[in-house]
Amino acid sequence: MKIHDSLIERLKDARTVVFFTGAGISAESGIPTFRGKDGIWNKLKPEELANFNAFMRNPDMVWEWYNHRKKIIHESEPNPAHLTIAEMQNYFDDVIVVTQNIDNLHRRAGSKKIFELHGNIERNYCVKCKKQYNEELDFSEGVPKCECGGLIRPDVVWFGEVLPVDQFKGGEEAAMNADIFFIVGTSAVVYPAAGLVYTAKQSGAVLVEVNLTESEVTAIVDYSYLGKAGEILPQILQAYKDAVK
Ligand code: BV8
Ligand code: ZN
């Protein structure tokens, strides 16, 4: 993939580089996306799983889904896309990750500044008293319960739920301050997360999309690279390194 000279020139002047990422960036780590051909939601409906009422109606089924995903995540590794983003921290003053993913792979890859808009599958809390339960949960008696009797749920944002205010605020500030705003592996259909692309655009950022296919925001980006994030991001960093040598 030929990386545009003009993008490299803009990277040379960049101080703040933001990566807005979705499930596609973890696809090459073996974690299925939501809406792609291997998407998990092709078989299962989000309404049935990623929402609070579904959980209260059938906590066993929802936990079965999350424990299945957790197992896949624990058997997976960050891929070159996550690792390249972490390596970029050595070349730019401020590299910020704003992710919709709950798989913790950016942190495991070494990224330091991360805003998790939709929570993190490694964390859990009690639906009643909100007490955090972040160690391994015991499912031997069924869905684990808090000492107060409340059900314990994954600390992820379900449909109809508000995003964690501090994380969304951090993501918004990143979008407003970005010189270069990368959009990596997301269909950009879920709000309010996808709205950050427009915030970045309005704030004058250069938008760079890396995706296997077109997305909801391809029409408004400055650069669109169609292909695998695990191949294209390393190529962008390599072209930058060659240019500043
Ligand atoms: C809110 C977390 C309201 C848990 C997720 C009707 C009813 C209810 C709500 C709504 C409604 N209509 C609209 C809404 C709002 C709703 C929404 O936006 N719905 C959409 C679907 C229309 N949003 C919400 O409900 C949000 N909350 O609005 O609250 C409110 C407001 C005020 C006060 C009170 C309440 C909450 C949204 C968060 C939902 N949680 N998941 C979990 O993960 O289990 S959403 C889920 O979708 C994931 O978080 C995921 O990150 C997110 C976005 O999906 P993507 O990451 O983009 O993944 P996708 O599969 O779609 O795309 C993958 C892309 O990667 C593809 O483009 C593919 O081409 C590309 N790709 C694949 N492989 C590669 C690749 N690219 C590069 N390289 C590769 N190798
Ligand atoms: Zn409790």
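**Entry 1: strand E2.** I began with E2, which is mostly covered, as five of its six residues are buried; buried here means under 20% relative accessible area, exposed over 50%, and partly exposed in between, with a 1.4 Å probe and protein chains only. Helices (H or I, at least four residues) and strands (E, at least two) are DSSP runs, numbered from the N terminus. I note for all entries that this is a predicted model, in which local features need pLDDT of at least 70 and side-chain atom pairs count only at pLDDT 80 or more, while totals for chains, interfaces and linings use all residues. Residues are numbered from 1 along each chain as its sequence is written, chains are lettered from A and ligands numbered from 1 in the order in which they are written, and side-chain values use heavy atoms, with hydrogens and water left out.

**Entry 2: the pairing of E2.** I looked up both partners of E2, counting two strands as paired if DSSP finds at least two bridges between them. E1 and E2 pair in the parallel sense over six bridges, and in this pair phenylalanine 20 has valine 98 of E2 as its bridge partner. On E3, E2 pairs in the parallel sense over four bridges, with isoleucine 114 of E3 as the bridge partner of valine 97.

**Entry 3: threonine 99.** Which strand holds threonine 99? I found threonine 99 in strand E2, and because its relative accessibility is 3%, it counts as buried. Its side chain makes a polar contact with the side chain of threonine 21 at 2.7 Å; for such a contact I require a pair of N or O atoms within 3.5 Å, where within protein one must be able to donate a hydrogen and the other to accept it, and residues adjacent in sequence count only if both atoms are side-chain atoms. The side chain of threonine 99 also reaches the backbone nitrogen of asparagine 101 at 3.0 Å. Leaving out residues up to four places away in sequence, I listed the residues that threonine 99 touches (contact means heavy atoms within 4.5 Å), and they are Thr21, His106, Ile114, Phe115, Glu116, Leu117 and His118.

**Entry 4: the sheet.** I then traced the open sheet of six strands, whose order is E3-E2-E1-E6-E7-E8, with parallel pairing. Its edge strands are E3 (113-116) and E8 (223-226), each of which pairs on one side only. Neighbouring strands of this sheet are turned by 15° against each other on average, direction ignored; the axes are lines fitted to C-alpha atoms, for helices over the stretch in contact, and angles run from 0 to 180 degrees between N-to-C directions.

**Entry 5: helices against the strands.** Helix H8 (residues 165-177) lies across E1 (16-21), E2 (94-99), E3 and E6 (180-184), and runs at about 125° to E3. In H9 (residues 195-202) I found Gly195, Leu196, Val197, Thr199 and Ala200 buried, and the buried residues of this helix pack against E1, E2, H8, E6 and E7. H9 is followed by glycine 204, whose phi is positive, near 90°. In H6 (residues 80-87), Ala81, His82, Thr84, Ile85 and Ala86 are buried, and the buried residues of H6 pack against E1, E2, helix H7 (105-109) and helix H10 (229-244). At the start of H6, a side-chain oxygen of asparagine 79 reaches to within 2.7 Å of the backbone nitrogen of alanine 81.

**Entry 6: serine 187.** Is serine 187 buried or partly exposed? With a relative accessible area of 28%, serine 187 is partly exposed, and it is found in the loop between E6 and H9. It touches Arg35, Ser215 and Glu216, not counting residues up to four places away in sequence.

**Entry 7: the whole protein.** Residues 24 or more positions apart account for 65% of the contacts with a separation of 6 or more.
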